[in-house]
Amino acid sequence: MSQTENESGLPFQEKIVPELLRHRVVSPEEYMRIYRKVMENPQEYWESMARELDWFQPWGKALDDTNPPFYKWFVGGELNASYLTVDRHANSWRRNKVAIIWEGEPWDNGPKEARKLTYLDLFREVNRAAYVLKEVYGLKKGDRIGLYLPMIPELPIFMLAAARIGVTFTVVFSGFSAQAVADRMNDAEAKLIITADGGWRRGKVVPLKEIVDKALETTTTVKNVLVVRRTGTEVSMKPGRDAYLHEVMTKVPVNAYVEPERMKSEDPLYILYTSGTTGKPKGIVHDTGGYMTLLHSTMKHVFDIRDTDVFWCTADIGWVTGHSYIVFGPLQEGATEVMYEGAMDYPEPDRWVSIVERHQVSILYTSPTAIRTFMKQGEQWITKHDTSSVRLMHSVGEPINPEAWRWFHRLVGRGKIPFGSTWWMTETGGIMISHAPGSYLVPMKPGTNGPPLLGVEANVFDDEGKPMPEGKKGYLVITKPWPGMPLTINNDPDRYVKVYWSKYPNVFYVGDYAIKDEDGYYWILGRADEVLKIAGHRIGTYELESALIQHPAVAEAAVVGVPDQVRGEVAEAFVILRSGVEPSQKLREELVKFVKENFGPIAVFKEIHFVTKLPKTRSGKIMRRVIRAVATDSPVGDVTTLEDEASVEEVKKAFHEFK
Ligand code: WT7
């Protein structure tokens, strides 16, 4: 299949006829007609979705918009996310249905460890965990806890346990280091942190407890540490502060029951930190009623979830994808899902394919970076196994290039199943722009995100807030409130307004470039700000720069993102050394190692360059745009605001020396 370009520079439509016609295949025009009809009253649509949840108390008004942009959904309604995901199914015919098929990473001619939890098992585990939080640690509604755990069942169990008693949790990705843990615990004012002795990653132990010990040197609110034994690694336990979960559990009745708290729809469910352009990560606060409604709607329409399915989202729960599409989304639907602990290609590149085959995965949700990695490893790893159980796929996290889309669609999708690229972000809570094989599916085009989902109003604006013509690049915006939207940024409502609601009045500014084509499909092209997307992970330039300048040899640093074949993007740094420090290859390597240790292994550098000056504006702001242009061999553009033009030459020289 060759990619032909039309006038708008977009690939021609390739019509793919889905194999299992559970949905209605509609033309883009037909979809737009249905969509417009729904959008005459989106709140009515969202209410119809919300009605399919189980509320303790029905809501009064669908949307409270009296204090924009602090919108509240389903005000007056009461519900509990743990009740919806667990009790509802444990009290139904799904009681003995498998909820989670967990597979550990260690491998010995086959997975060394696996666990299957039915909905009844999950109910009991969540209740016992809630008992621990409530009765052992005395936590109550409104308190906050931190979770720094590997991909083991205890992670969703404690998320659901916290939700059960109204405790707001914040999960820190287990690939982040001590500083990130400390910052998040302090900002969230967490009283307890739950971690593990270690986590498995590519056969090696990540010393999670040790990292927590280091983080706790600078935290102010954490009183206790609860430790799950996972790897059996020897760890130091501080008496009075630290306890092992299995020891605490001996005091918990097997059939403990903890009443689910009646939460208001607009009560917070969790805080999840995400990088922005400047400053520390933002603690995005998600509500309960709106969030659960959006997840229900998207599980149904985007994933077409059914009781016969085995759903597998390959993300880590440390990111929003895992929160929404491993924990709250699929479990709310009573689905059977796979949860895998480790690296997709450990110990061999076909580990993930073997999981698909072993568990007969029917819905697969993965990322472009993963797909590009598989492509590099070669198709023989895929064809070794039978993947014909897969009936629907989506990718997420970054734009998917048409080559990767075609390759994966041919190999795993047998050239015919629905395969989309779902656009959303930490802030939106759930999928916003996507193909919807569960309801009205429009023909796919490799690389597109498709049209906005029913109920979601998006657009592409120019700088002034005027809609861009079809086929022209602009800023992606969401022009109507949606359930699942943030409540605020933790401790910083002003920043919430400033970052998302100030570029255009009453419109949510996303921070992505996008094109809308003649069929109403969106093509989201990537970040319009200085946020990096390394392997789909959002990392702020600020975070990497501040990690670099903590090294004693570094005086100043500027980081930009540059394209990478597999990871989509990687970091390239320009560093000014302190006087007296000599640049060397050894120092370069040391800095890379230092950042990985201090920020986390997800920081991947292409190169670190040493310079004596950086391009800055007269007011002293680093002009990353200029640096990025140099590092990507593109025209530097307007530099009239530059303080010192020689700095550009220096950056160029440093870059070309090491290309
Ligand atoms: C950013 C949000 C949503 C869960 C994972 C990422 C990019 C996300 C797509 C997609 C093109 C995408 C955007 C967005 N992005 N999905 N299907 N096509 N770009 O969540 O870490 O909050 O990152 O990811 O740039 O702004 P996140």
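This is a predicted model: local features need pLDDT of at least 70, side-chain atom pairs count only at pLDDT 80 or more; totals for chains, interfaces and linings use all residues.

Analyst: Residues are numbered from 1 along each chain as its sequence is written, and side-chain values use heavy atoms, with hydrogens and water left out.

User: Why is serine 82 called buried?

Analyst: Buried means under 20% relative accessible area, exposed means over 50%, and partly exposed lies in between, with a 1.4 Å probe and protein chains only. Serine 82 has 0% relative accessibility, so it counts as buried. This serine 82 lies in helix H3 (residues 81-90), where a helix is a DSSP run of H or I with at least four residues, a strand is a run of E with at least two, and both are numbered from the N terminus.

User: What is serine 82 in contact with, leaving aside its neighbours within four places in sequence?

Analyst: Contact means heavy atoms within 4.5 Å, and with neighbours within four places left aside, serine 82 is in contact with Asp87, Val126, Leu160, Ala163 and Arg164. A separate value concerns C-alpha atoms: those of serine 82 and proline 260 are separated by 7.2 Å, although the two residues are 178 residues apart along the chain.

User: Why does threonine 541 count as buried, and what does it touch?

Analyst: The relative accessible area of threonine 541 is 2%, and therefore threonine 541 is buried. Threonine 541 has its place in helix H16, and, not counting residues up to four places away in sequence, it touches Thr277, Glu530, Leu532, Val559 and Arg624.

User: What makes helix H7 mostly covered?

Analyst: Six of the eight residues of H7 (residues 208-215) are buried, namely Leu208, Lys209, Ile211, Val212, Asp213 and Ala215.

User: How many residues does helix H4 have, and how does its reach compare with the expected value?

Analyst: The expected span of a helix is 1.5 Å times one less than its number of residues. H4 (residues 119-136) has 18 residues and reaches 25 Å from its first C-alpha to its last, which is close to the 26 Å expected. Among the buried residues of H4 are Tyr119, Leu122, Phe123, Val126 and Leu133, and just after H4, glycine 138 takes a positive phi of about 65 degrees.

User: Why is H9 called roughly perpendicular to H10?

Analyst: Axes are lines fitted to C-alpha atoms, for helices over the stretch in contact, and angles run from 0 to 180 degrees between N-to-C directions. Angles under 35 degrees count as roughly parallel, over 145 as roughly antiparallel, 65 to 115 as roughly perpendicular, and the rest as oblique. H9 (residues 289-301) and H10 (residues 320-332) pack at an angle of about 80 degrees, with their axes 9 Å apart, and that makes H9 roughly perpendicular to H10. The contact is made by residues including Tyr291, Met292 and Leu295 of H9 and Tyr325, Phe328 and Pro330 of H10.

User: How do the residues of the contact of H9 with H10 divide by class?

Analyst: Ala, Val, Leu, Ile, Met, Phe, Trp, Tyr, Cys and Pro count as nonpolar, Asp, Glu, Lys and Arg as charged, and the others, Gly among them, as polar. On that scheme the contact of H9 with H10 has seven nonpolar, six polar and no charged residues.

User: Where do H16 and H17 make their contact, and at what angle do they pack?

Analyst: Helix H16 (residues 541-549) and helix H17 (residues 585-598) pack at an angle of about 120 degrees, with their axes 9 Å apart. Leu544, Ala547 and Leu548 of H16 make the contact with Leu591, Phe594 and Val595 of H17, and these residues divide into six nonpolar, no polar and no charged.

User: Why is arginine 414 called partly exposed?

Analyst: Arginine 414 has 28% relative accessibility, so it counts as partly exposed. Arginine 414 is found in the loop between helix H14 (402-411) and strand S21 (419-421), and it has a positive phi of about 50 degrees although it is not a glycine.

User: What is the omega of the peptide bond from proline 68 to proline 69?

Analyst: That omega is near 0 degrees, and the bond from proline 68 to proline 69 is cis. Proline 69 lies in the loop between strand S2 (61-64) and strand S3 (72-75).
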